[in-house]
Amino acid sequence: MRFEGTQDYVATEDLKVAVNAAITLERPLLVKGEPGTGKTELARQVADALGMRMIEWSVKSTTRAQQGLYEYDAVSRLRDSQLGDARVEDIGNYIKQGKLWEAFASEERVVLLIDEVDKADIEFPNDLLQELDRMEFFVYETGETIRAKHRPIVIITSNNEKELPDAFLRRCFFHYIQFPDAETMQAIVKVHFPDIKQTLLRAALEQFYEIRDVSGLKKKPSTSEALDWLRLLMNDDMDAGDLRKDPTEMLPKMHGALLKNEQDVHLFERLAFIARRQRGG
């Protein structure tokens, strides 16, 4: 069982090595990288390539580790007991299975994505250590132990918003997705837009990397934003000539696809103003 990439996802050699190493070691694959570099999509493509179902657990700031196992609705059970509902006889009626339970109970091996683990409380990763290590957990309300029928392939993503605990890191195989270089980005674009004009692609990517290199940029545009931008350029039937910018007009065409906050827009406006002053002088 090896991941070799897919037609729809350009995986570098080191990324393929990381995925296959995690599968061999039976350890979670922890994937870090800038937002928009394809971390979440990686899990989908691994599932597709290996013919597995994917179970996705999207972590939020309020997410607790227990929710991934199960949740017991004691309030509903109390209310039903007061109403004389016969359902109260079976406590299982008030237990909601979480994503880990779903993955463990699956009749076939699955890919379990724990997406953006760093959004939750700092203790969140540590609270999952034993369950991910032993592939089992105990349900106190029913007295049963839930064991994984098949060890899932676990992929965990992080945007580096906060440091993860050392004990958690020790149990993972780690890979950092570097931002694609121009050659890799061309290959990614070709997957999504096979008919794009080569001249437009070269000119657009040159401008895209120039934008990313601007000093003081608060949020650098990501791969997904580059694809959105190119889609807009193609939709308006632009060519390379349309992108040749005057230094006094620093904002790129359709800049709303690339620059996502007013500070960065103002930065480019200031650069244009400086260029105009220098030209005037």
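Is Glu 136 buried, exposed or partly exposed? Glu 136 is partly exposed, with 23% relative accessibility; buried stands for under 20% relative accessible area, exposed for over 50%, and partly exposed for the range in between, with a 1.4 Å probe and protein chains only.

1. Basis of the note. The model is predicted: local features need pLDDT of at least 70, side-chain atom pairs count only at pLDDT 80 or more, and totals for chains, interfaces and linings use all residues. Residues are numbered from 1 along each chain as its sequence is written, and side-chain values use heavy atoms, with hydrogens and water left out.

2. Overall form. The protein contains 13 helices and 9 strands, taken as DSSP runs numbered from the N terminus (helices H or I, at least four residues; strands E, at least two). Its radius of gyration is 24 Å, whereas a compact globule of 281 residues would have one near 19 Å; the value is taken over C-alpha atoms, and the globule rule is 2.2 Å times the number of residues to the power 0.38. The C-alpha trace spans about 85 × 45 × 35 Å along its principal axes.

3. Burial and surface. Of the 281 residues, 45% count as buried. The protein exposes about 15200 Å², of which carbon and sulfur atoms supply 47%; accessible areas come from the Shrake-Rupley method with a 1.4 Å probe, and for residues only the protein chains shown count as cover. Among contacts (heavy atoms within 4.5 Å) with a separation of 6 or more, 73% are between residues 24 or more positions apart.

4. Salt bridges. The count comes to 18, a salt bridge being a side-chain nitrogen of Lys or Arg within 4 Å of a carboxyl oxygen of Asp or Glu. Glu 41, Arg 44 and Glu 56 are linked in a network of such bridges.

5. Arg 147 and Glu 136. The side chains of these residues form a salt bridge, at 3.0 Å from N to O. The pair links distant parts of the chain, with Arg 147 in strand β7 and Glu 136 in strand β6 (residues 136–139), 11 residues apart. Arg 147 counts as exposed at 53% relative accessibility.

6. Lys 149 and Glu 107. A salt bridge joins these residues, with the closest N and O atoms 2.5 Å apart. Here too the pair links distant parts of the chain: Lys 149 lies in the loop between β7 (144–147) and β8 (153–158), and Glu 107 in the loop between α5 (99–105) and β5 (110–115), 42 residues apart. Lys 149 is partly exposed at 47%, while Glu 107 is exposed at 57%.

7. Glu 71 and Arg 64. Their side chains meet in a salt bridge of 3.6 Å, N to O. Glu 71 has a relative accessible area of 30% and is partly exposed; Arg 64, at 45%, is also partly exposed.

8. Ser 222 and helix α10. Ser 222 lies in the loop between α10 (198–212) and α11 (223–235) and is buried, at 3% relative accessible area. Its side chain makes a polar contact of 3.0 Å with that of Ser 224; the term denotes a pair of N or O atoms within 3.5 Å, where within protein one must be able to donate a hydrogen and the other to accept it, and residues adjacent in sequence count only if both atoms are side-chain atoms. Leaving aside residues up to four places away in sequence, Ser 222 touches Pro 35, Gly 36, Phe 179 and Phe 208. Phe 208 is one of the buried residues of α10, which include Leu 205 and Arg 212.
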